[in-house]
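User: I'd like to learn how to read helix packing in a model. Could you take me through it?

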Amino acid sequence: MVQEQYERCVVAGERQGSCAEVFRVFLKLGLTSFGGPVAHLGYYRDELVVRRKWISEAGYADLVALCQFLPGPASSQVAFALGVLRGNGLIGGLAASLAFTLPSALVLVLLALNAASMTGTFMQGLLHGLKLVAVAIVAQAVWGMARSLTPDMPRAAIALLAIGVLVVVGGSIAQLVAILGGALLGLWLCRTEGAALSGQLQFPVKRHHAVVALLLFAALFGLLPLLAIMTGQQGFILFDAFYRAGALVFGGGHVVLPLLQAEVVVPQWVSSETFLAGYGLAQAVPGPLFTFAAYLGAVMQPEPNGIAGALIALTAIFLPGLLLVYGMLPFWDQLRLRPTAQAAMRGANAAVVGILGAALYDPVWTGAVLSAQDFALALTGFLLLTVWKVQPWIIVVLLAGAGMITAI
């Protein structure tokens, strides 16, 4: 069955693409996508929506909204779903996930296995340059999505309200509140348009396969703690700890920090100093921030650790989010084709623009733009992306290099 699906995936036509194409494109993204989950959405949009046209702007925003609703690493869930869409099923989704995750996971495991601490002025300059890359990428995403997804006053107002929610409430729960509020306002304010979204997203996921994925998610969530207690084996305890972290975090990225700290620092598997040092390194590499789990699995004291610990931790933290998004894809597709769902999605899409706008200020802008010089570099990156259409990896090289030069 898997081999047949793979063959269909490889020989699929231009519209579907192939698993090899999916792997190649997401490997490029995994090597160049600096800046965290919000910036990743900007990279995806530029590469897959604007340049390659794998999915429409509205369809992409729908997918982002779905993954924001679900717990887990949102940017990795979007990557997985885009792989499913382009690669004709589960194999394509796994190809996207593996390619996007592998580069940063390998780098962090290598850093974990080598005790040398990478600090100093030079490295701080590199990290700061990568933060300025995130400013340019997220600003480009906000600019492009705002023009297409908030073209009228009602949806612009929803985007502004979403920003207000994030400013006043804060935290990952505010994202859920903003999207839910945007959807409810969309039911009221966005009913006048035609069924423009009909047929845009047709994911090759059968309903019974989706139900199996949702049941597996629930079964693992309920049974893993019991299995860990009954056996007392560290391998099961480790898998359960990271699975729960991945299953309970909304918003992904930085939000997972306190959950992982409670799981590995409190039981003294990893020291607080090692934990924070690894978290800083995770922000200096491309790809999903959840690969921080690979670093923790490798450096922790009780066995399994090293490469085995990294594999267990990495698999466990990503698995719940991928099971959830795979299980929701066919139901989401049918739901969104209803007129009321379309109106709700217009409002939710507008709220996504507001969420990106709020994130552009905090933490992206506030964490990177600390001087007039930083502002000039970030603006240069933004103009290179939007006016000269320079590819993102070139911006990464230029701004990272500028950060190192200015730090000397």
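Analyst: Happy to! Let's start with handedness: the crossing of H7 and H16 is left-handed (the near helix is turned anticlockwise from the far one by less than a right angle; clockwise would be right-handed). The model is predicted, so local features need pLDDT of at least 70 and side-chain atom pairs pLDDT 80 or more, while totals for chains, interfaces and linings use all residues. Residues are numbered from 1 along each chain as its sequence is written, and side-chain values use heavy atoms, without hydrogens and water.

User: At what angle do H7 and H16 pack, and how far apart are their axes?

Analyst: Two packed helices are described by the angle between their axes and the distance between the axes. Helix H7 (residues 121-149) and H16 pack at about 160°, with axes 9 Å apart (axes are lines fitted to C-alpha atoms over the stretch in contact; angles run from 0 to 180 degrees between N-to-C directions). That makes H7 roughly antiparallel to H16 (over 145 degrees; under 35 is roughly parallel, 65 to 115 roughly perpendicular, the rest oblique).

User: Which residues of H7 and H16 meet?

Analyst: Among them are His128, Leu132 and Val135 in H7, and Asn349, Val353 and Leu356 in H16.

User: How does H4 pack with H16?

Analyst: Helix H4 (residues 57-69) and helix H16 (residues 339-368) pack at about 80°, their axes 9 Å apart. H4 is therefore roughly perpendicular to H16. The contact (heavy atoms within 4.5 Å) includes Ala61 and Val64 of H4 and Met345 and Ala348 of H16.

Conventions:
Helices (H or I, at least four residues) and strands (E, at least two) are DSSP runs, numbered from the N terminus.
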